[in-house]
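Have the structure open while you read.

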Amino acid sequence: MHEDILNIQQLIARFANSFDVKDWDGLQACFTESLYTDYSDLRGTPPETISASEYVRLRRESLDHLKLHHLVGNYEVTFPDFDAAACRASMVVWRRSETEEFTTHCMYDFQLARQWGAWKISGITQKVLWSEGVSSIHKGAKA
């Protein structure tokens with residue numbers, strides 16, 4: 001179980017770092033083929049289940065023009081069964097254009113599935129604690 005917790009923490013760190021270095025293929029490799037997403041706090045859109053490739057395409061379109069920094073920690077990992085896990089993590093997401101910034105302080109609830117011996121993210125729910133700055137620089141954020 002200790003190894004599983006470490007692998008899940010590394011997967012979520014890879015998820016966060018992929019945004020910052022614009023490694024969109026690396027981001028897609030973090031996911032199951034389709035995933036549940038709930039970004040309603042940030043975007044004002046309903047939860048949905050989408051393909052991993054569509055998730056990455058949408059993030060790339062809305063974030064590729066920005067400088068990003070995701071800082072993640074405070075992992076709480078639970079295992080409902082052998083091939084399923086849940087992880088709550090705290091995250092701060094900094095987004096910067098040439099002239100403006102938009103920062104979100106949030107909690108993520110990740111659902112994870114073990115596939116062929118490796119953990120993959122199968123669900124993401126983001127709960128915004130608060131945001132600061134100019135939300136319009138992020139094409140996916142509600143005003």
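Let's start with arginine 114 and aspartate 4, whose side chains meet in a salt bridge at 3.1 Å, N to O. By salt bridge I mean a side-chain nitrogen of Lys or Arg within 4 Å of a carboxyl oxygen of Asp or Glu. This pair ties together distant parts of the chain: arginine 114 sits in strand 5 (residues 101-115) and aspartate 4 in helix 1 (residues 2-20), 110 residues apart. Helices (H or I, at least four residues) and strands (E, at least two) are DSSP runs, numbered from the N terminus. Both arginine 114 and aspartate 4 are buried; buried means under 20% relative accessible area, exposed over 50%, and partly exposed in between (1.4 Å probe, protein chains only).

A word on where this comes from: the model is predicted, so local features need pLDDT of at least 70 and side-chain atom pairs count only at pLDDT 80 or more, while totals for chains, interfaces and linings use all residues. Residues are numbered from 1 along each chain as its sequence is written, and side-chain values use heavy atoms, with hydrogens and water left out.

How many salt bridges turn up in a search of the whole structure? The search finds seven. Two of them involve arginine 57, which pairs with glutamate 54 and also with glutamate 61.

| Pair | Closest N to O |
|---|---|
| Arginine 57 and glutamate 54 | 2.6 Å |

Why are arginine 57 and glutamate 54 separated by about one helical turn? Because they are three residues apart in helix 4 (residues 52-63). Glutamate 61 and arginine 57 are also about one helical turn apart, because four residues separate them in helix 4. Arginine 57 counts as partly exposed because its relative accessibility is 36%. Glutamate 54, at 28%, is partly exposed too, and so is glutamate 61, at 45%.

Salt bridges with shared partners also join Asp4, Asp83 and Arg114 into one network.

Now the cysteines. There are zero disulfides in the structure, a disulfide being a pair of cysteine sulfur atoms within 2.5 Å. Cysteine 87 is in no disulfide, and its nearest cysteine sulfur, on cysteine 30, is 13 Å away. With a relative accessibility of 1%, cysteine 87 counts as buried. Cysteine 106 is in no disulfide either; the nearest cysteine sulfur is that of cysteine 87, 13 Å away. Cysteine 106 counts as buried because its relative accessibility is 1%.
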